[in-house]
Amino acid sequence: MNLRISAWNPFSLSAVIASHGWASLAPFETNEEHTELRYVARLSTDRVAELTIHQAGDGVIVAVNDALSDGEQAEVKDQVRWMLGLEQDFSDFYTLVRDEPRLAHVIERAQGRVLRCPTLFEDAVKTILTTNTSWGGTIRMVEGLVSRFGQPLPANPARRAFPIPEQLAAVDESSFRSAEGLGYRAPYVLELARAVASGNLDLESLRTTDAPTDELRQQLLAIKGVGSYAAANLLMLLGHYNFVPVDSWARKMVSYEWYDGETVGQAEVEAAFEGWGEWKGLAYWFWDWSYGGEA
DNA sequence: GGTAGACCTGGACGC
DNA sequence: GCGTCCAGGTCTACC
């Protein structure tokens, strides 16, 4: 069955898919051209279905490999709206970047949206698994969690949904640590899963809270394994762009761009984008580093 | 508040 | 093939 969902325009599905590496982390899949996004979704009814998303007209069309009830269709639409940020409005950002050569491309390419998972829990676990490791390590760890603990897709058991907190909360830490290769991150993921599963942490409420960004950031920093980089990354996914996710790559890029290759720290990266105010994070995210510089 | 060391893994490198 | 070194953020202990 097919579901059609409209988007705030301009909208580009391929821009969302290419916004960062999330599309290559299980249970996401995409094609080389970034024109198709697939995701194995787990619905609140426990149904597992594969969503195949293409751009169509002023929005997207979602092909589902199963017949869904009305309630399930509504849930899938909500998940896709959130994942693709279909209702996000970037007109203020576009007005600001119009005269900045390093950012003017975002208007033409309809950039601004950052691909996210249906739940903040999944985004938080994946973000923790990006820290202190290579991108290949992140892919391997996420794939390990999904393939071992995720609920299988009935039509193709090789494809699985991302495990829910309850599934991860029941895992023994030592097997988690070794079998999934999470290493010292295992207790962080486990503690987060157990806090969410027990109801002690209502992570999903942070997606819709009206709390100011600083307060939101403090709540994210209270999660073990989430430091300043991970918190800024999660804030970006939540639509708060006041902080730059400063990692080694950011320091390297800012160093080449403004400091003649000299070593720079978090303060210099933050300062470089200070002028972009509440859009600081997005300005960094979509900055064209290749513009006469070295990547 | 700032800093050093530990955490874990994979990849690069030298032998 | 084996051993060593390094990169990648966060936490904790210490000053």
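User: What makes the five strands a sheet, and in which order do they come?

Analyst: In this predicted model, the five strands run β1-β5-β4-β3-β2 in an open sheet with antiparallel pairing. Two strands count as paired if DSSP finds at least two bridges between them. The strands themselves are DSSP runs of E, at least two residues long, and helices are runs of H or I, at least four long, all numbered from the N terminus.

User: Why are β1 and β2 said to stand at the edges?

Analyst: Each of β1 (2–6) and β2 (28–30) has a single partner strand, so one side of each lacks a neighbour in the sheet. On average, neighbouring strands are turned by 25° against each other, direction ignored. Angles here run from 0 to 180 degrees between N-to-C directions, with axes fitted as lines to C-alpha atoms (for helices, over the stretch in contact).

User: How do you know that β3 and β4 pair?

Analyst: DSSP must find at least two bridges, and β3 (residues 36–42) and β4 (residues 48–56) are joined by seven, so they qualify. Y39 sits opposite L51 in β4.

User: What makes α2 a helix that packs on the sheet?

Analyst: Helix α2 (residues 70–84) touches β1, β2, β3, β4 and β5 (59–64), and its direction makes about 45° with that of β1. Contact means heavy atoms within 4.5 Å.

User: Which residues count as being around DNA strand B?

Analyst: R140, R177, G181, G183 and Y184. A residue is near a strand if one of its heavy atoms lies within 4 Å of it. Of the DNA strand B atoms within 4 Å of the protein, 93% belong to sugar or phosphate, the rest to bases.

User: How are residues and chains labelled, and what confidence is required?

Analyst: Residues are numbered from 1 along each chain as its sequence is written, with chains lettered from A and ligands numbered from 1 in the order written. In this predicted model local features need pLDDT of at least 70 and side-chain atom pairs count only at pLDDT 80 or more, while totals for chains, interfaces and linings use all residues, and side-chain values use heavy atoms, leaving out hydrogens and water.
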